[in-house]
Amino acid sequence: MKSRFPYPSFKVFRHVPLAVQMLLFTLGLGMGIWILLAEWQERELRGLFRDELRRELEHRAAEDRHRFDEQVQWIHHAAKIVASQKQFLDYVEQGRFGTGGAVAEGEGYFKDGVWHYQNAPEWMPSASVMRAFFYARHAVLLDAEGRVREVYHHIPHRNDFDLPAALRAPSVLLRKLSHNQAYMTSFDGHPYVIAAHLIEAPDGRPLATLMLEAPLDDEFLFAAAGYGKHGSIMALVEPDSGKVIASSAPDRIPSGVKVQGLVKRFLMMGKSFFDYGASDLNLQFASFIATDEGERLSSTILKKNHQQRLLLVALMVGAFALLTTWLAARIRVLSREVVVLGRDRLGTLPESAEQGDEIWVLERQFHALGSAVVDYRERLQIEVRERIELSRLALLGEQHEAELSRLQRLTESLGVGIVVTRVKGPAPFNPLMERYIAECGGMRHFLLAADEREVERVLKCDGGGERVFTITRYSVDEDEALLVREVTEERQLKEERRLFTSFPARNPNPVLRIGVHDGVIRYANDASREILEGCSCKVGKRMPASWLEQIDAGMTHEQLLPLEVKAAGRFYTFEPAVIEGADFLYLYGRDVTSNKLAERELRMAAAVAEHVLDAILVTDSEGTITQVNPAFTEVTGYSADEVVGHNARLLKSNHHDGNFYRDMWQSLLLESQWRGEVWNRHKAGDLLPCMVSIRAIRDEGDKILNFVAILSDISEHKAREERLSQMAYRDPLTGLPNRTLLVDRLGQALVRAERDGNEVALMFIDLDEFKQVNDTMGHDVGDVLLREVAARLRDLVRGSDSVGRLGGDEFVVVLPDFKHEKGLAEVAEKICSRLSAPYLLDGQTARVSASIGIALYPRDGVNAEELMNLADGAMYRAKRGGKNRFVFYQRQASVTRLHQSAS
């Protein structure tokens, strides 16, 4: 077979790899491209050189202008930096400028009202900051009116420190200056750059202005050009005359030379006018480069073009080599796949072992593969005819299976299970029947006897429930099948309808069925006969008009309201029930006579509670207040809104201990009632004694529903009792306990001491020289003295001690729980000292002292009367011993005189 792939394969190259062939071809192609590029670039070199050189010169000119602009703006930044320093702001805010500061000999002078400084004045910043305005020639400080007050000559150009005339009165110039950028102008024929910064007070009032100036001279341009390290020269040129005003290299381009005379030695890279918004200079900025520097740039550009050409050829050769290498690799892969395809699928083509030109080898493989494909096609045609026949038979089987599946789905959707009879026995036909068999215990429950055509069976299935099935036998030709249908829900619905039908008749409450449109009573159970007779109505007649009006009113409000009826002396409530789609409704009645009577009683009880004078409080079973009457507010001070919803504990006064409330709740839970005296707390904070009666309300199951409490205010009764107690047990003059109450307290202290094993001390006090006060100053003054003595005694003893007055000038102090005589002696000493202090009575000074007798329980006596007598005897021994002292009973030998009257 001839080759179908024409490939100009020469015999000499058949055994040379494709990659080597393509590499040789690429080298030849690269040499040709190199020659063509060299020829083409030779013609275009001049144009490219001019363009490249122009771009390079424009770039350098733009950089020079940018450096010059930065140098100008530095003057403006320097003004900001100096004006923001603290020492400068303090100097200006304190108003010290114009005074000369601290000027040393030879460092400055005063001329025409202006101070001139050669060295930095005190308002100048540190040296590190001064470097920021190194090229500023002068720093001028002006006051708020624009008058020059001080000048600092930072880089004096002349020894006389003179300023340009325009800077001596810069008020006009200041109006042109901007605080956001530098300003360039001309003074005395020379260009200058000016920067100003305004200093304001906190309230916005101007205080002073700082102005910096620098001449645009050779030094300025030299610094802007980076001290000559960039290779280009900056110059300022007059546009009219073309003369150079200043340059960054005055030794090469001096001032005064014309630009036309520089053409042979220099190239002008760029020329531009100043474009500052506040500048009025009529100058041009120019940038020059020496001719030899231009030649260097030319050689650089040529070298760059040569490198670009070489790189382009190298990239093309490399890319072509990579492409051919990749193509050869892909051809070798394709060749191996052709060999594998022929050997594995066709079985006729062995793997070629030849090496050389990959395309030539692939051509031979495809030639052999074509012959094998022809043979394979003939075998494939025979195999295809056989497979078509098999496919036809399979399609017929699938169609039969699909029809059977559709029949199964149809019977499944109808809810019918099918059992078919086969040679091997009955078998389920559809999945539904398979579930019935699995859930109900097997196939045997669904089979029929020979004489049965249709039966109904109740089967126990999974879950313990019963399910009802109907089983029917069908015969078609010689085939037989059983149809199984579940009727459990149908039987349940039938039973529910039967029960629902019998429900009204069995209901013990009255039930009526009423026509919706005509209001005729269609049905009434036995429980409603008495009601109908009481209303002179019966089945088959219209309802009473009052009943129909209530039903119509409920339907008007789009809701069925309960129907209230009174018949035969009793009250009934009927609840309407509408059945959707029916022309009648049911009325289900309920006897509410007892509820009506209870409501009447409740209204009567509420009316009584509203008018009763005692406070009534109702809580739930948890003690939360649900209702109070108006008298509750009068008694407690709390309104209903303040207490309803809160616990009754808000009235608690902490007057009673826990045992009191524990006994109260125990009585309520066991006996359902409690009565007693309770100290509550009024809303104002005062204690409120009440007589309280509480009753628990229980339901039929003996569960507590509510608590009802009645509170009677007994404050006045308690006040009367307190007044009677004061009269019976208190000394009317001093308010101290009298003999009766004192003896009672002493007896209680003795009982506690006997129980706890403690001691009790009794001090009997008699005032010395009291009769003399009565005789000389009068009995009224004597009463005042006794009240003062009582007050001092109360201040001297503890809260657990008792002080009482027996009568006249005799007092008694009961001190329980004392175990050491030393402590008693200290107390007695304090009493003697305090009572002997002077008394100021109605503008007069009186002095008395105290004689004290002390008896101890149980050492000296065991009862109250005995201790009183022993302490009284010890007091008399103290008086006989010199007064103003205390004596312990049976301690006459160790009588101690601790205090003595100052008189």
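Start by selecting Arg149, which counts as partly exposed because its relative accessibility is 24%. You are looking at a predicted model, so keep in mind that every value on this tour is computed from it.

Next, select Glu145 and Arg147. These two form a salt bridge as well, with 3.4 Å between the closest N and O atoms. Glu145 counts as exposed, because its relative accessibility is 57%.

**Another salt bridge**

**Zoom out**

Show the whole protein as a cartoon. How many helices and strands are there? The protein has 22 helices and 33 strands. Of its 903 residues, 38% count as buried. Switch to a surface view: the accessible surface comes to about 53100 Å², and carbon and sulfur atoms account for 53% of that. Contacts tell you about the fold too. Among those between residues at least 6 apart in sequence, 52% join residues at least 24 apart.

**Into the largest core**

Nonpolar side chains tend to be buried together in soluble globular proteins. To look at such a group here, select Phe68, Phe88, Trp123, Val193 and Leu216. The largest nonpolar core has 40 residues, and these five touch the most other members. Several elements give two or more residues to this core, including helix 1 (18-83), helix 2 (86-93), strand 6 (190-200) and strand 7 (206-215). Which element gives the most? Helix 1 does, with seven residues.

Now centre the view on Leu216 and show what surrounds it. Leaving aside neighbours within four places in sequence, Leu216 is in contact with Phe68, Met184, Pro191, Tyr192, Val193, Leu236, Ala246 and Leu281. There is also a second, separate core of 36 residues, which includes Val789, Leu824, Cys832 and Phe886.

**A nonpolar patch outside**

Nonpolar residues can be found on the surface too: select Tyr376, Leu380, Val384 and Ile388. They form a nonpolar patch with about 330 Å² of accessible area together. Click on Leu380, which lies in helix 8 (residues 358-413). Leu380 is partly exposed, because its relative accessible area is 37%.

**The disulfide**

A disulfide is a covalent bond between the sulfur atoms of two cysteines. Select Cys440 and Cys461 to see one, with sulfur atoms 2.3 Å apart. Turn the view to look at the link of Cys440 and Cys461: it is right-handed, with 85° about the S-S bond. Cys440 is in the loop between helix 9 (431-439) and strand 14 (454-460), and Cys461 is in the loop between strand 14 and strand 15 (466-476). The two are 21 residues apart, and both are buried. Two further cysteines are worth a click. Cys537 counts as buried because its relative accessibility is 11%, and Cys690 counts as buried at 0%.

Most residues other than glycine have a negative phi, and most peptide bonds are trans. What is the phi of Ser672? It is near 65°, a positive value in a residue other than glycine. Ser672 sits in the loop between helix 16 (658-671) and strand 24 (673-681), and counts as buried because its relative accessibility is 17%.

Then select Lys883, which has a positive phi of about 65° although it is not a glycine. Lys883 is in the loop between helix 22 and strand 33 (885-888). With a relative accessible area of 30%, Lys883 is partly exposed.

For the last stop, select Tyr857 and Pro858. A cis peptide bond joins them, with omega about 5°. Pro858 is placed in the loop between strand 32 (849-857) and helix 22 (864-880).

How values were computed
Residues are numbered from 1 along each chain as its sequence is written. This is a predicted model: local features need pLDDT of at least 70, side-chain atom pairs count only at pLDDT 80 or more; totals for chains, interfaces and linings use all residues. Side-chain values use heavy atoms; hydrogens and water are left out. A disulfide is a pair of cysteine sulfur atoms within 2.5 Å. Helices (H or I, at least four residues) and strands (E, at least two) are DSSP runs, numbered from the N terminus. Buried means under 20% relative accessible area, exposed over 50%, partly exposed in between (1.4 Å probe, protein chains only). A nonpolar core is a set of buried Ala, Val, Leu, Ile, Met, Phe, Trp, Tyr and Cys residues joined through side-chain atoms within 4.5 Å. Contact means heavy atoms within 4.5 Å. Patches are made of residues with over 30% relative accessible area and no salt bridge: like charges are joined within 9 Å, nonpolar side chains (Val, Leu, Ile, Met, Phe, Trp, Tyr) within 5 Å. Accessible areas come from the Shrake-Rupley method with a 1.4 Å probe; for residues, only the protein chains shown count as cover. A salt bridge is a side-chain nitrogen of Lys or Arg within 4 Å of a carboxyl oxygen of Asp or Glu.
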